[in-house]
Amino acid sequence: MGAEVAMDTGTAVDGTTFRRVLARWPSGVGIITTAGRDGLRHGMTASSFSSVSLDPPLVLVCLDRRIRSHELVARHGVFAVNVLGRDHIGLGRRFAGLTPGVTDRFAEGDWLPGATGSPVLADATAWVDCRVRHAYPGGDHTIFVGEVIAAGVPRITSPLLFHSRSWGQLADPLPESVTVADTELARTLAAEAGNRRRAARLTAAVRAAGVRVRLPRDELRRSPALPEPVSVRVRNAAEAAEAAAGCRAVEVTVAADGTAATAASVVAAVAGSGTAVVGRVDDALDPARGRAVLHTIGALREAGCGEIALDEAGPRGGEDREDGSPRHLRRLLQDAVPQAGDARLRLALRDHHGLGLVNALTAMKNGVRDFDTGLAGCGGLLPTERLVLLCSRLGVETPVEREALRPCLNELHTLRYGRRRGGPVRPAVP
Ligand SMILES: Cc1cc2nc3c(=O)[nH]c(=O)nc-3n(C[C@H](O)[C@H](O)[C@H](O)COP(=O)(O)O)c2cc1C
């Protein structure tokens, strides 16, 4: 049994116990803002945010009658609630008056006026903008009930939490499902299978198993309008226009610090065909290029790419390099996912230092839902079958049927090593 049991003695609970009890209640953290017609704006950190009604849409906040925010929300008749993300501890402290020397709380963060004029945080995980409909007395606080007149979800990330007087965060959530595209199998088979029919049969089987496969352009010409999802790599608008008729996606690569001009012309060339454009960023996981990569992602999004793929480069350094580091990947994705906006951010991972699956897990926990891989590690990419296995063990759905992949894997293995996977080793020297 716990050490303390409060008995109902009929007397009021003492303040210290009451505060300790409230501190045990975990909550999210928001910044409540308000602004007047005179342009005066103000904001404070609050956890007393709650939904009240769906129709009409109402929320409430409880504000201490002695604080400045109380006076201003009552005067302006409007407020916004900005829900903070896990990386917003600095803002949470600042707007609670816990950061010494701060004179302008809004000097940190990107604040835009909402419909009521109340400041809205551009990278909040969500916000509501409200007009005060009711104000009820609640002891030394006032319960302000606001009608929501505008709302937004600018960024998908896990929330900042508050518990036992400390800041915290949820364990990163996993996605419900991910998709897998094999970008290297067909090219590898073209080089290794030595038999075009066999290569075509294998790639078709992998497509049928639920993996989008990238085909060489000439392959697409031979078998137009394939039923399963395929993609084709193009270099310019003319190649894109030709490919668009037969495939679901065309891929165009740009340098990490390059421009998106070619991607924009490819988007224009396939417009109206229903074909998606994948803008690929070359060597995108180099820690030295973080800023350039984010800029390029923004440019590809503006160019109209429906998917943006980040390509990890092949091995090029010792273990000391941060290439392939989950820490760098996590930092990059925390900015890259919101930067991609509505475009789906794909990741083509390798397996540097055996960290491929760790990076895949890190990516899933940071908002990536789409991966480019290579069956049996074709092209040096993270093996398709290993990612699919990881997903099945994590309870993350994929459209891929693992059983249907198995014969393809066996055939590929036989092709490469002269034996089935797990079969007897053929002597190297006959
Ligand atoms: C996590 C957290 C949650 C808070 N929640 C509330 C709240 O719901 N209501 C409130 O009146 N104050 C709350 N506060 C305290 C205010 O943020 C703090 O008093 C602030 O300085 C008020 O600013 P103001 O006087 O400029 O309006 C909270 C503080 C923290 C750190």
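Student: What should I know about the numbering and the model?
Tutor: Residues are numbered from 1 along each chain as its sequence is written. The model is predicted, so local features need pLDDT of at least 70 and side-chain atom pairs count only at pLDDT 80 or more.

Student: At what angle do H9 and H10 pack?
Tutor: About 15°, with the axes 9 Å apart. H9 covers residues 290-303 and H10 covers 326-340. Axes are lines fitted to C-alpha atoms over the stretch in contact, and angles run from 0 to 180 degrees between N-to-C directions.

Student: Roughly parallel or roughly antiparallel, then?
Tutor: H9 and H10 are roughly parallel. Angles under 35 degrees count as roughly parallel, over 145 as roughly antiparallel, 65 to 115 as roughly perpendicular and the rest as oblique.

Student: Which residues make the contact?
Tutor: On H9, they include Val293, Leu294 and Ile297. On H10, Leu332, Ala336 and Pro338 are among them. Contact means heavy atoms within 4.5 Å.

Student: New topic. Where is the cis peptide bond?
Tutor: Between Asp55 and Pro56, with omega about 5°. Pro56 sits in the loop between strands E4 (50-53) and E5 (58-64).

Student: What is the phi of Arg165?
Tutor: Positive, about 60°, though Arg165 is not a glycine. Most residues other than glycine have a negative phi.

Student: Is Arg165 buried or exposed?
Tutor: Exposed, at 56% relative accessible area. Buried means under 20%, exposed over 50%, partly exposed in between, with a 1.4 Å probe and protein chains only.

Student: And where does His353 lie?
Tutor: In the loop between strand E19 (344-348) and helix H11 (356-365). His353 is partly exposed, at 44%.

Methods
Heavy atoms only, no water. Helix = DSSP H or I, 4+ residues; strand = E, 2+ residues; numbered from the N terminus.
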